[in-house]
Amino acid sequence: MKGILTSALALALTSTLLASAVEAQPFSGRGMGWSGGGMMMNNPGRGRFPIIDTDDNGVISAEEAASAAEEVFAAMDADDNGELTMEEYMTVRMGPQDGWNKARQEAREKQKADRFGTLDADKNGTVSQAEFIAGAKAHFAAADADKDGSVTPWEWRSQQWN
């Protein structure tokens with residue numbers, strides 16, 4: 001009888017823990033969880049698009065893009081001094097990290113290093129938050145092909161592939 005009670009208690013505890021783990025998982029496609037494990041497979045766009053589209057209306061507004069740019073800058077600014085060094089900029093990796101295609105990965109890293117030089121408008125070797133936001137604004141404007149103030153998944157994909 002004691003063995004049955006112990007087994008029942010262990011089963012109940014395990015069920016409770018599993019139920020708590022399931023409830024803790026996000027279901028909206030943001031982060032790891034049941035809706036794609038970070039892959040965001042059931043959302044419009046691809047990659048970071050669903051993360052930036054915070055109101056889930058299928059387009060990225062200028063406000064959403066600006067907020068995302070501020071968040072990315074803050075994530076990169078490791079010493080929180082309001083400027084990015086090349087090391088800080090290159091350290092944070094925002095995209096997929098599978099590393100299957102080493103040649104493509106190296107080309108993307110070179111593109112990223114080149115973008116740092118473009119963002120550093122005053123050529124002082126660091127990128128200020130203002131410079132970073134200006135670069136993000138220009139990227140958003142370039143992606144907004146029809147100039148309606150928002151970026152659709154099609155516009156997003158076109159910009160990402162160029």
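Arg 108 sits in helix H5. Helices here are DSSP runs of H or I with at least four residues, strands are E runs of at least two, and both are numbered from the N terminus. Arg 108 is partly exposed, because its relative accessible area is 38%. The cut-offs: buried is under 20% relative accessible area, exposed is over 50%, partly exposed is in between, with a 1.4 Å probe and protein chains only.

A word on the source. This is a predicted model, where local features need pLDDT of at least 70, side-chain atom pairs count only at pLDDT 80 or more, and totals for chains, interfaces and linings use all residues. Residues are numbered from 1 along each chain as its sequence is written, and side-chain values use heavy atoms, with hydrogens and water left out.

Back to Arg 108. Which residues form the positive surface patch? Arg 108 does, with Arg 48, Arg 93, Lys 102, Arg 104 and Arg 115. Patch members have over 30% relative accessible area and no salt bridge; like charges are joined within 9 Å, and nonpolar side chains (Val, Leu, Ile, Met, Phe, Trp, Tyr) within 5 Å. Lys and Arg count as positive, Asp and Glu as negative; His and the chain ends are not counted. Each charge is placed at NZ of Lys, CZ of Arg, CG of Asp or CD of Glu. Areas come from Shrake-Rupley with a 1.4 Å probe, and for residues only the protein chains shown count as cover.

There is a negative patch too. Asp 79, Asp 80, Glu 83 and Asp 122 form it. Glu 83 belongs to strand E2, residues 83–84. Glu 83 is partly exposed, because its relative accessibility is 31%. Asp 80 lies in the loop between H3 and E2. Asp 80 counts as exposed, at 67% relative accessibility.

Asp 80 has a backbone point as well. Its phi is near 55 degrees, a positive value in a residue other than glycine. Most residues other than glycine have a negative phi. Asp 56 also has a positive phi, near 55 degrees. Asp 56 is in the loop between helix H2 (49–52) and strand E1 (60–61). At 49% relative accessibility, Asp 56 is partly exposed.

Now salt bridges. How many does a search of the whole structure find? One. The criterion is a side-chain nitrogen of Lys or Arg within 4 Å of a carboxyl oxygen of Asp or Glu. The pair is Lys 110 and Asp 114, at 3.1 Å, N to O. They are four residues apart in helix H5 (residues 102–119), so about one helical turn separates them. Lys 110 is exposed, at 52% relative accessibility. Asp 114 is partly exposed, at 42%.

Next, the buried side. Phe 73 is in helix H3, residues 62–76. Phe 73 counts as buried, because its relative accessibility is 3%. Its C-alpha atom is 8.0 Å from that of Leu 84, which is 11 residues away along the chain. In H6, the buried residues are Glu 131, Phe 132, Phe 140 and Ala 143.

A geometry check on H6. Helix H6 covers residues 129–143, and its 15 residues should span 21 Å at 1.5 Å a residue. The expected span is 1.5 Å times one less than the number of residues. The end C-alpha atoms are 21 Å apart, which agrees.

Last, the whole chain. It has seven helices and four strands. From the N terminus, the order is α-α-β-α-β-α-α-β-α-β-α. Buried residues make up 24% of the 162 residues.
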